[in-house]
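Please read the following explanation alongside the sequence and the coordinates.

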Amino acid sequence: MKLSGIQRQWWMGIMLCLGILVLFPLEFYGKIFERGIGNYLKWQNSARPQLGRVWDKDRQTILAQTKVQSIRSLLDSRQESAEAIDSLKALFENTEPSFPLVLSREKFLDLYYDFPGQWSVRIISPFELISIDSKYNWTRVLLKRFGQWFTISFLDSHNIPVHEVFVATDALKEVQATRTVKQGSLEEVGFEKDRVYSVAVFLPLLQSLDPKTQHAVFPDPRWFLAKDYSITRIGVRELEPSNKTVSSLEFGIEYNTDYYTGVLLIPVSREIANNLLSQIERTNFDIWGEEFSAITVPSVGGNP
Amino acid sequence: MLLGVFVGLGSYFLFSRDLPQLPNDLRKINLSLATEIYSADGERIKVLGQRYPVPLEDISPNFTNAIIAAEDASFYRHKGLDHRALMRALYMNIRERKILQGGSTITQQLSKNLFFSFERNWVRKVKELLISFQLEATFSKEKILEAYCNQIYFGSGAYGVEEASQTYFRKRARDLTILQGALLAGLPNSPNYANPFKNYERSMRRAEHILIRMVKEHLISSEEKNEALSSSLELIRPREDDNPSRYFLNYVLAKLESKYGKEFVHFGGLKVFTTLDTRLQGFAQRSALSHLEALESKMVNGVGKKYLQVGMVSIENQSGAVRVMLGGRSYSNSQFNRAVSNNRLPGSSFKPFVYLTAMEQNGFNPASIVKDEPVAFEIQGSSPWEPKNFSDKYAGDIILKKAMMRSLNSVSAKLIQEVTPEKVIKAARQFGVTSPLGNNLSLALGTSGVSPLEMASAYSTIANLGIYNEPYFVERIEDFKGNPLYENFYHGVQNYAPKSIYPLLNMMQGVIDGGTGRIVRQMGFKHPAGGKTGTTNNFKDSWFDGFTKDFSTSVWVGYDNNEPMIDRHAHGLTGASAAAPIWTLYMEKALQGKNQVKFPIPEGIKFEKVDVFTGTLADSQSTETMNIAVKEETVILPRAIETIPVELDLFEPSTTSGLTNVPSP
């Protein structure tokens with residue numbers, strides 16, 4: 001039996017009223033509307049975006065912590081780089097105008113006394129260091145580069161510089177400053193075999209030289225002894241023309257450590273080198289014997 | 001029916017779009033690392049973003065019952081929506097044709113506070129309702145109430161019930177009495193209007209209203225209500241928001257925010273160690289207030305003329321650390337920072353830069369003779385500039401040091417014409433003055449605005465004998481674990497040779513010892529010091545900038561509206577009468593118990609006693625003599641050798657070639 005249009009509307013009206021009558025107490029007593037929506041939203045909560053004040057705060061906290069971390073990383077890496085510097089000269093070379101370097105007192109003194117020669121002492125006298133020490137409690141060193149000058153600031157615990165030393169950038173070009181250390185044997189770092197001599201030949205000659213020449217061609221023996229380095233051989237070579245120091249010869253002092261072989265490279269001014277070689281020739285020809293004859297004495301200089 | 005379904009679905013998609021996700025734990029909303037700011041003397045002067053969330057067990061039921069009665073009586077019965085309250089609000093809003101009432105439940109308020117803007121519109125309201133349904137479906141009533149109590153605003157800067165209890169009653173939230181709970185419960189709805197610190201009566205009326213509702217809701221009995229109303233509220237005195245450190249603090253925060261970003265400063269959990277010395281800051285504020293009040297009692301009464309303002313900065317010379325920054329006499333009254341933002345004319349306190357330029361560039365020295373006389377300078381396209389002395393009296397021939405001590409305008413004007421304003425500007429920049437400076441002759445009389453911070457920094461360079469230390473405010477920043485993130489390293493630059501600065505320093509000592517700044521000595525200040533007064537036209541600004549070996553301090557006094565400062569006897573306030581006493585009171589306290597330290601005399605300096613009116617070495621004919629400091633190479637001749645008649649009128653303004661300096665004969 002088919003219902004007429006009016007009957008159908010009538011039935012729908014009744015159903016709607018019944019529905020409302022049923023829903024009303026369910027909503028009034030059971031809060032089904034709120035519960036239904038609430039649970040539906042809870043179910044799809046994770047699919048929704050993290051919007052609003054509470055999440056903004058969360059994001060800002062994350063951003064802030066990310067920034068804190070990035071600053072920390074930068075500072076740590078700078079600190080590590082500073083700690084990894086292995087020579088006083090490298091310390092100056094690594095100081096860029098916009099990035100001052102901060103070093104602990106211990107590290108600075110290590111580098112200062114570790115330099116294989118008199119250059120560090122010429123920059124700051126050890127007596128000056130003792131004098132600063134007697135007056136102030138310095139804990140760190142700040143190295144800044146400004147134009148043609150380096151400033152070494154000795155800082156107290158409040159970062160106030162208690163003493164400042166100025167070093168011209170030209171000081172890095174001094175012959176004494178260019179002493180470096182390389183790993184490997186003499187041959188491996190570029191010395192030719194026919195210009196390499198045994199330490200037994202070289203040391204007696206060294207002892208016979210005047211102190212100034214000794215300092216120019218050899219570090220304080222403490223440098224080797226304190227580190228437990230044993231000297232094995234000495235080499236001589238011409239410096240490459242690209243090196244802009246005034247020296248033209250380079251001595252290589254090979255030594256053995258417990259783990260590796262290293263070479264201390266000492267550029268020597270031609271004048272001193274010639275002086276040394278002349279003395280070798282004059283006083284120790286019998287010791288050098290044939291080996292010495294292999295050395296090509298430089299052709300320039302007034303004292304061959 | 002179909003239409004209804006479509007409308008329903010459409011509405012859902014409209015409202016559910018951009019509906020925010022809820023966090024798993026409501027306690028998350030109160031978790032953030034607070035940034036702490038410390039003074040140089042170790043005081044924690046500010047904590048940013050600190051919250052004091054407490055579990056529901058630590059909140060007194062006297063408060064929770066009161067807040068439920070006040071905000072949402074059927075809180076425990078509904079599921080996010082209070083039908084009756086909603087109907088009532090709808091009726092009111094339709095009747096008034098605007099949104100007057102929200103009918104919001106506590107859950108809806110929490111939803112709004114956590115996720116939505118405070119803008120009132122229907123879409124936002126429905127979204128807020130949907131989220132409150134989810135909150136109810138996800139969390140227990142206790143968790144919702146706890147979260148609500150911990151993040152609502154109670155006025156007076158207090159967020160959360162624990163902080164509010166401390167702010168108003170200095171007690172824990174768990175110890176609140178019925179009356180206190182009712183009073184606090186009345187605040188979230190109108191934190192300013194019903195604030196007991198601002199309007200005690202109104203807040204008590206609101207508390208009484210809430211107590212009545214509590215009785216109605218059977219949360220307390222009538223007797224308990226009456227008992228509560230007759231009990232003492234134990235309201236404490238409001239925390240003074242007049243902390244003088246606020247000027248410094250806000251300045252530092254703004255600087256840090258611009259350098260690192262706002263989120264880094266507020267959410268980074270940092271420890272910021274500043275240069276501020278709260279002890280000195282307190283001295284500065286007390287010194288300023290006591291003198292300004294004394295001055296105001298003598299001033300002409302009138303609209304806008306009663307409230308003298310002050311700007312003050314004190315810098316530690318050795319490092320450049322800013323130890324004091326007073327941006328005004330009361331932070332709660334005015335947050336405008338006059339120490340850095342209020343570029344007012346420095347008047348004669350700018351003259352030292354002119355004198356130094358003349359000595360450095362044109363061979364003048366403190367014994368050089370200049371003629372103090374009325375002058376007129378031709379200005380192209382304008383009427384001549386005729387600077388006058390403060391007293392409109394002229395001394396004739398006089399040595400440079402005396403001219404500075406007496407702050408003679410005609411002499412400064414002649415000097416700047418001689419050296420050119422460009423060179424003076426260049427010199428001022430070397431001293432750290434950064435504000436725009438006018439390239440004109442009147443610059444000599446301080447007609448370009450500068451801040452007390454700039455002046456203190458510039459004078460610090462004089463005290464440091466030519467070393468400019470950029471003023472700084474933050475010593476160190478650490479993260480919450482104590483790892484350093486930033487350290488300040490001293491950066492002093494020797495802009496002038498010590499022997500170039502010392503003669504100027506000695507002249508400025510003369511200003512205090514017997515010049516326009518002698519009030520400093522008259523007030524009993526005994527430390528070696530140099531300085532300069534500054535007073536602008538019509539007494540609109542008064543300055544005193546000065547230094548000892550340890551500190552350089554700049555003080556400005558004036559009205560915000562640039563009105564002249566005239567007292568009842570028609571006398572204007574000068575740098576000496578308005579600013580210098582504040583400087584003296586402050587410096588006296590700041591240096592109390594410290595040794596009187598003399599300025600070191602650099603190599604290449606000698607002292608001579610000269611005749612003030614001839615610039616020659618003092619002799620029996622001298623009527624007034626003075627000690628001056630000059631570079632060793634400067635020759636001061638005795639009077640006997642002075643055989644060549646000297647044309648003293650060397651500053652004839654109409655010519656330039658004849659304006660050569662005459663060093664002391």
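The paragraphs below begin with conventions and then go through the structure part by part.

This is a predicted model, in which local features need pLDDT of at least 70 and side-chain atom pairs count only at pLDDT 80 or more, whereas totals for chains, interfaces and linings use all residues. Residues are numbered from 1 along each chain as its sequence is written, and chains are lettered from A and ligands numbered from 1 in the order in which they are written.

Chain A has a secondary structure of eleven helices and nine strands, where helices (H or I, at least four residues) and strands (E, at least two) are DSSP runs, numbered from the N terminus. Of its 304 residues, 24% count as buried; a residue is buried if 20 or more other C-beta atoms lie within 10 Å of its own, exposed if 12 or fewer, and partly exposed in between, with C-beta atoms placed from the backbone. Among the contacts in chain A with a separation of 6 or more, 58% are between residues 24 or more positions apart, a contact being a pair of residues whose C-beta atoms, placed from the backbone, lie within 7 Å.

Between the two chains, 33 residues of chain A are in contact with 36 residues of chain B. On the side of chain A that touches chain B, the elements giving two or more residues are helix H2 (32–43) and helix H3 (53–84) of chain A, and the largest share, 13 residues, comes from H3(A). By class, that side of chain A has 15 nonpolar, nine polar and nine charged residues, where Ala, Val, Leu, Ile, Met, Phe, Trp, Tyr, Cys and Pro count as nonpolar, Asp, Glu, Lys and Arg as charged, and the others, Gly among them, as polar.

H3(A) itself has 32 residues and reaches 46 Å from its first C-alpha to its last, close to the 46 Å expected at 1.5 Å a residue; the expected span of a helix is 1.5 Å times one less than its number of residues. Val54(A), Lys57(A), Ala64(A) and Val68(A) are buried in H3(A), and the buried residues of this helix pack against helix H4 (106–115), helix H12 (262–267) and strand E12 (484–487) of chain B.

Within chain B, helix H9 (residues 200–216) can be treated in the same way. The 17 residues of H9(B) should span 24 Å at 1.5 Å a residue, and its end C-alpha atoms are 24 Å apart, which agrees. Its buried residues are Ser203(B), Arg206(B), Ala207(B), Ile210(B), Leu211(B) and Met214(B). Seen down the axis of H9(B), these buried residues fall within an arc of 145°, so they line one face of the helix; the arc is that of the directions from the helix axis to the C-beta atoms. On the other side of H9(B), Glu201(B) and Lys216(B) are exposed. The buried residues of H9(B) pack against H2, helix H8 (178–185) and helix H10 (222–230) of chain B, and H9(B) is followed by His218(B), whose phi is positive, near 60°.

Two packed helices are described by the angle between their axes and the distance between the axes. The axes of helix H2 (residues 61–71) of chain B and H9(B) come within 9 Å and cross at roughly 90°, axes being lines fitted to C-alpha atoms, for helices over the stretch in contact, with angles running from 0 to 180 degrees between N-to-C directions. That makes H2(B) roughly perpendicular to H9(B), since angles under 35 degrees count as roughly parallel, over 145 as roughly antiparallel, 65 to 115 as roughly perpendicular and the rest as oblique. In this pair, Asn65(B), Ala66(B), Ala69(B) and Ala70(B) of H2(B) meet Ile210(B), Arg213(B) and Met214(B) of H9(B), and the contact has five nonpolar, one polar and one charged residues.

Further along chain B, Met405(B) is found in helix H15 and is buried, with 25 other C-beta atoms within 10 Å. Leaving aside neighbours within four places in sequence, Met405(B) is in contact with Gly510(B), Val511(B), Gly514(B), Gly515(B) and Thr516(B). Arg406(B) is found in the loop between helix H15 (400–405) and helix H16 (409–419) of chain B, and is also buried, with 21 other C-beta atoms within 10 Å.
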